[in-house]
Structure formats: C-alpha cells, structure tokens
2 protein chains.
Amino acid sequence: MATVKPSLAKGTRDFSPSEMIKRNYIFDTLKAVFKKYGYNEIQTPSFENLTTLTGKYGDEGDKLIFKILNSGDYLTKAPDSLLQDKNSNKLIPHISEKALRYDLTVPFARYVVMHQNDISLPFKRFQVQPVWRADRPQRGRYREFYQCDVDVVGSESLLNEAEFILIYQEAFERFGLKDFNIKINNRKILSGIAEIIGKPELIVDMTVAIDKLDKIGLDGVNKELLERGFTEADLNLLKPIILLEGSNGEKLASLKSILANSSIGLTGIAEIEEVFDYITKLSGDTELLTRIIDLDITLARGLNYYTGCIFEVKTNEVAMGSIGGGGRYDDLTGMFGLKDLTGVGVSFGADRIYDVLEELNLFPANKADSTKLLIINFDKQLETYTLGLLNKLRKENIAVELYAAPVKLKKQMGYADGKGIPYVLLVGDEEVSSGQLSLKDMESGEQVKVTESELIQKLR
Amino acid sequence: MATVKPSLAKGTRDFSPSEMIKRNYIFDTLKAVFKKYGYNEIQTPSFENLTTLTGKYGDEGDKLIFKILNSGDYLTKAPDSLLQDKNSNKLIPHISEKALRYDLTVPFARYVVMHQNDISLPFKRFQVQPVWRADRPQRGRYREFYQCDVDVVGSESLLNEAEFILIYQEAFERFGLKDFNIKINNRKILSGIAEIIGKPELIVDMTVAIDKLDKIGLDGVNKELLERGFTEADLNLLKPIILLEGSNGEKLASLKSILANSSIGLTGIAEIEEVFDYITKLSGDTELLTRIIDLDITLARGLNYYTGCIFEVKTNEVAMGSIGGGGRYDDLTGMFGLKDLTGVGVSFGADRIYDVLEELNLFPANKADSTKLLIINFDKQLETYTLGLLNKLRKENIAVELYAAPVKLKKQMGYADGKGIPYVLLVGDEEVSSGQLSLKDMESGEQVKVTESELIQKLR
C-alpha cells in the first residue's frame, strides 16, 4: 500500500480537544435554553433521497448539494447518450439517488410529514447537526458546518415569536454578550409598503434592494430600485419609509399612518405590537424592548420563505455578520403534501458565535472538563501505591491519570502542561512512607504537601 | 414544484425526542467515563479525500464506502473510453474525490499524523460520531450509525489495556448491566500456537477457523482447518488448545506449558498476566478477574490489525452479539507515513447497547430532560397573570411552557400527555384571585392546591 501524505478534504475541519470543549460549551448552552422553553431534540439522517432535496433551494442551491454516487455498477442504467454528450447535469439522477443534508429545514419538514400521526401539535423541536454545501471555501465559510435550529409548527400564536426573542436574549446573555440587537420586521409590512406604492408585484425586487441599505447607502438603494422597475415618484414615497428613524414606538406610529390604507400592512404592524406586548409581559422588563429590540423594515432575509415576523441578531461588540435569524413561514410542509401547517423558528450561527466568544475572551476556563490531576510515575515499584490511589480518586468520580510509564519528569510535566491538567501529584518513596504527598498547582507553580483525604477534598 | 411523497433514504433513521433522550443518555454516560480516565474528545470531518480512505478496508470495504460525486461539470475530465465501456469502478476516481467516513480509526490515524506537532504523546482521545456504509440494510444494520471509539497512541504500557477493561466495567455498570463478560486474548499467543504447530504462515487461517468455535463447534472448526492446509496431526495438537478450560489462572498455566518453546507465545502470556495484575491493583478487587474477565484464545477479531491484546464484550442478560471490542495495534499511522506509533483502543456498540437497555428496561425515567410543567391556557384575559408566572418559573431555571392558545382543555391535556410532561397547572379566575393554583400530577392523576412558592419548591 503506497503511503498517502494525508490532508483534509477542502473546506472541512478537524476539531481538537480544546476546540471541542468550546464547541460543546456553545451547543450545550443552546440546548439547555431550548429545553427550558419546551423544545425537544430530534435528529434526521445525514443523507436524504435526492428527490427530497432537489428543487427546494433554487437552482443555485441545487448545484451546491453534495450528491452521493450510487453503489455497485452505477453506470448500468445510465443512458448512453448522456454519457456520450458528457452531460454532467442530466446524468445526476441516473447515477445518484442520495444527497447530503443541505440544511435542517427541509429534513424537518419531511420529518413532520412522515411522523404526523405520532406527534402532537404544536410540535416544538430543536436540531443541532452538521450540514454540507459545495460552496467555494473561504475565511469563515466551510463545506461542513453545524446548524442549530429551533422551530415550532402547528401554532399560530405570536407568543411563540415572543419566546424566540427571549430564547435569543437568554442564550446570548448566558454566553456573556452584553451588547446585541435583535432586529425584527414583518413580511406583511413589506407587502403593505409595496401595496401603497402600487407595485405589489415588485415586492421581492423592492426588499432585495432596501435590504442592502447598510452596505450601499440610500443612493445605491435608489439606483437599484430604478433598475428594478421603480420610478422616481416611487422613490420619493419610499424614502421616508427606508429612512424611518426613532424608537420602536415612533417607527410603529409612523408606519401606521403611512400604511393606513393597506390592510395587510396594518396586520403586520398589529402582529409586531402583539409580539412586543408579549415580550414585555413575559420578561416583566419594560425596558427590554428599548434595550435589545430594533424594528427594522429594511430586514428581508429569505423573503420567498417567510410570511410573518422576521428576525435577525447582531452583536455590537465585534465586527461580524448576523449571529442568528429566523421567522414565520406558513407552508413548511406543503412541499411534501401536508398543507396549511404554519411554523416559526430561529437558528443560531454556531461558527460565528464561536469566533465572537473567542475574540471577547468569553469562553469559560473549562479545564475541569478534562483530567484534573496527573500522578507522576517515578518508578514501577511505586505503582502498588499509585494504582491504589488512582482507584480511590476515581471512586470519588475525579478525572485522574497516572502517567503510564516512568519516563523523565520533564516529559511527564510537559504532558500535563500540553493537556492543560491543573494539578500534578509527585509521589516518591518518602511521600508514600510519610503520607504527605506533593501537589503542584500547574498554573501558579505552587507546591504543597497534602494527605490523601486533603487531596480528595481539593479535587472534588 | 411537484409534491414528493417523502421517505427516508434506505438504511437511515430519524430519531424522535424520546429516542434522542435515550441515545444522549448512552453517549453522555460513555463520554463521562472516557473523560474520567483522561480521554479528550476530538471530531473529524464527515467526508475525507477518497485517497485517504481507499485501500484501508480491503476490497470489500472499498465497495462499501459512499463516494461523493464531484460538483460542477464533473464529467469533463472523465476519459471517454471509461464512459463508453460503462466501467463504473474505474470511473470512480475521475468523478469522485471525496467519500463519507467509513469508520473512526482511519480518520483518527490521519488526524494524528497531521497534528503530530501539536499533540503531546501519549495522546488519549475519544470520538463519538456517525459513520456510513453501503451495506445491504437489515434488522439492526444501518447505513448510518454511530461509533464510539476511545484510543491512546504513543504508549506501550499495559496499564492502558487494564484501564480499558475498567472503562468497560464502569460504563456497563453505570448502564445497570449486571452480568457481562470481557473476553481477552493476545495476538502473540495466537502466533505462538501457530509457531509450535510449525505453521506460522497459516496464523490467519488458523484464527479465522477457531474464531468460529461458538458457531460451528469443534467438528466444524476441524473441517475448516483441514480445508485451510492443516493436517490431522495439527488438529490433535490444536484440540487441547481450542478446548482450553478452567479459570483464567488455569488457562494461563496450561498455555505456559503448551507454549514453553515459543518465545512470542510466552511474551503474549506475560502481557496478559501483567494486564491482570494491573486490573487487580487498579480495582482493589481481587475477585474482579474471576467475575467479569474471560481469557478466550478463540477470540480473534480483526487479526490483520491487532498485534497485542484483543478484547470483546458480551452481555449474558440478552441474546445479542458483542457490545464492544478492541485491542492493541502497532502501526496505526504507518499508512500515512508515520511509523512505529503503537496504540490501543476499544469501541462501544451504541445501537446494540440501546437495544440491550431497552430490552432490560434500564433507561432512566428521564422526563426531567423535557418540559416539567405545562400551564393550561384557559383565556387570553388570564395571560397577564400566566405570562408573569412563566417568567418567574423560568427565572428559577425550570423548563415550563404556557400552551400558546386557549383551545379546549382536552387538547391541551393531550399535548402534555403526548410530550410526557409530568405536571399541568390549571389557572382560572378563581385561582388567580385566591393565589391557590391547581397542580395536576399527570402520572397519578392527583390534583392539589399550591401557592406560587410551593410550586417553585416542587419543581426545582
């Protein structure tokens, strides 16, 4: 067998112990918050039938789905003409019937439809699993990454929207973030705006353009609106809406007068008001809305999909894109034949949250997750004592290791250091006979004498 | 978009909330034990370069690896002749450069080689991740399943072998198993046996045959040995070895005399003795060897691979294949150019453990993992009170839900029941004004009056 110089597949990552501790901290924190609000975990398979995924993410999305080659003699059934023409695209369904999960939403929809007789609605689930996309890898963009989604289907109540805001708040506060904003918008407000301008058919063009306000400014947005079929007169109508300022209450008041003649627009406003009311009652904090929530009618994300409230979260402490987002959709499961099931959900960007916590130095000093004590191995003769001690400490459920061979002290200390083990125990003949063991604190360098029971007290 | 009637890809499974709780219980228990013995978690990507995996699992294994089709115009570089001949096998490397993880061992070897400058040896890692195999699905065999591996590389000490036995013991005892056996053998003993028979070159044939003793009996084994090149005289020599009986100590004594002229055989025996000695000292339990360990020289598993001790675990409480296994290997990373790195490790069969715990009814009644209390929603007017109560309970970190709409009581109770929520709170006008809330225990059906603070006490 020829030796292969190993490398990672493009766009993928290994996670070493220190990274796993931090990633698990993020996932465990999110899961604890999700459970607290009544959400239960599910998992779906890593690959689905190709027909389950195709056509759900647009043409561009379809190209980014990783297809799995059929096993065995997969070319047998492939039409000769497609092979001759080297028609890569049309050949796919003949040689591939499975594909890797592209997001957690479509598999969740499939799950709900297939399990509709077992689940009681409303169904509240969270899902934390990797997804795969054949994107060109770049800084911060990987071909394998985790999504953390939390959704409820089968409930129209806006209490759900309010609770998602509180889930965001609680999760990000548990992470130690101090300054973040949850942007909120409503698809119905956007529909109302397109309606009063008299161009309801251009709603997607309108929102795609004004969504870019942050990046390209008002002039850029106007230029794009003109290109997309709006007139100068439309721009004059849109300008005060796009540049809407003030508190959430002031914005709502302005929108009410702007959208006075649009019934869908007023519905959108009423929904936002109800969500705000729920948030205040639920939190008992009359300042919360002002502090963390920002009504932003330029927020559009995934408009083809969302039908009610739309959310997005940004931190103000680090320059970083959104660290979460979501909204309400009214037809999640229609693609699989189960109509009129409304849902709402949000997701957390785990990789970006990781980078934020790293930059702000917010990860807990989590050495306790690993070995707490290394017993130095001076001499095989001493093992009768050290093995017994190992047993006693493990009986107390303390994570402890005996270095497995009596190699040089420097090497053993280097092992403890490399692994971030906080304490090292030095046991020689003298220590065994006196019962006074030498315990070294690896951080301070301090060394003290302890008895076995003092040692157990200290480590427990 | 045409409606697709959804189905799962063959050989894959969804995991619903109740299954996730049980699966997480298994994974969390194993991880806690691994950490206690100084092992740290790593993860590797779901797909690897195809060249990393090909040739590591034999020809049959190569066929069972799921290959990922290249993205874009993947046929461009495919040789015309292979397409014309429909040569599925030879075309693979031209249209696929990535493949799904087939086990955790080869990716771990790649990890160690790629990270050799960052890790301090001995490196103790565990890894709990799914793997994928294009096997024909059947009862208990899936195309996606989790492996739970724990290994140390870079340490020759037999203390590691002994600690793996204790890891098995502690994990299975935590699961509540009362009667299980850890079989142990040593490749060097098998080499010694082949040596004294004078057919060292037939060691693999010999062990493949005697490994089947349980299934086909002595006559079957003898028949197979004859077919594989052994003589009647060899069978006479082998018979007392294959049928070796008695305690571990008696077996070791017999083997010592049988293998007196084989230096490698005696080394194998000495290794087993040292492991046994470590186990007794480490556990402080002189009966442990007799109780759970069984020296079994017919145990062979993965002989091409293991070079020292070999382990396998069976439960005696349920008819089930092995629920764990492992051993020492002396050249894990050689395939990637890093020579002479010895390692030893074991793995746990999570799916089989799941079935065993289910059959023995050993899963903890883990309803606490989910919502503890559902507050019934009688009336939107009462929400001012119930939302405030929700907030108070969540501030105490209690998992609680308010049913999101004032639908019929029966539906709300059905929701609590379906989700396994242990308590339901009934709050009407009378309860609000008296401060005496009605709390129903869903299991016993009992209903009591409680104040808010009594409620918090009860749920905390």
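**Basis of the entries**

I note that this is a predicted model, in which local features need pLDDT of at least 70, side-chain atom pairs count only at pLDDT 80 or more, and totals for chains, interfaces and linings use all residues. Residues are numbered from 1 along each chain as its sequence is written, chains are lettered from A and ligands numbered from 1 in the order in which they are written, and side-chain values use heavy atoms, with hydrogens and water left out.

**Helices α10 and α11 of chain A**

I took helices as DSSP runs (H or I, at least four residues; strands are E, at least two), numbered from the N terminus. Helix α10 of chain A covers residues 213-227 and helix α11 of chain A covers residues 232-242. I recorded an angle of about 155° between them, with their axes 9 Å apart. The axes are lines fitted to C-alpha atoms, for helices over the stretch in contact, and angles run from 0 to 180 degrees between N-to-C directions. α10(A) and α11(A) are therefore roughly antiparallel to each other; the classes are roughly parallel under 35 degrees, roughly antiparallel over 145, roughly perpendicular from 65 to 115, and oblique for the rest. On the α10(A) side, the contact (heavy atoms within 4.5 Å) is made by residues including Leu213(A), Leu218(A), Val221(A) and Leu225(A). On the α11(A) side I listed Glu232(A), Leu235(A), Leu238(A), Lys239(A) and Ile242(A).

**Helix α8 of chain B and its partners**

I next examined α8 (residues 187-197) of chain B, which packs with α9 (residues 203-210) of chain B at an angle of about 110°, their axes 10 Å apart. That makes α8(B) roughly perpendicular to α9(B). Among the residues in this contact are Leu190(B) and Ile193(B) of α8(B), and Met206(B) and Ile210(B) of α9(B). The crossing of these two helices is right-handed.

Ile193(B), Ile196(B) and Ile197(B) of α8(B) meet Asp234(B), Leu237(B), Leu238(B) and Ile241(B) of α11(B). I noted a right-handed crossing here.

The domain assignment of chain A, automatic or from a database, gives domain 1 (179-316) and domain 2 (367-459). I recorded 61 Å between their centres, taken over C-alpha atoms.

I looked up Leu459(A) in helix α19 (residues 452-459) of chain A. Leu459(A) is buried at 2% relative accessibility; buried means under 20% relative accessible area, exposed over 50%, and partly exposed in between (1.4 Å probe, protein chains only). Not counting residues up to four places away in sequence, Leu459(A) touches Lys372(A), Leu373(A), Ile398(A) and Tyr423(A). From Leu459(A) to Thr231(A) I read 72 Å, C-alpha to C-alpha, across 228 residues in sequence.

Thr207(A) lies in helix α9 (residues 203-210) of chain A and is buried at 1% relative accessibility. Its C-alpha atom is separated by 31 Å from that of Thr51(A), 156 residues apart along the chain.

**Cysteines**

I found 0 disulfides over all chains, a disulfide being a pair of cysteine sulfur atoms within 2.5 Å. Cys309(A) is buried, with a relative accessible area of 0%, and for Cys148(B) I recorded a relative accessible area of 0%, which is buried.

Terms used: Left-handed = near helix turned anticlockwise from the far one by under 90°.
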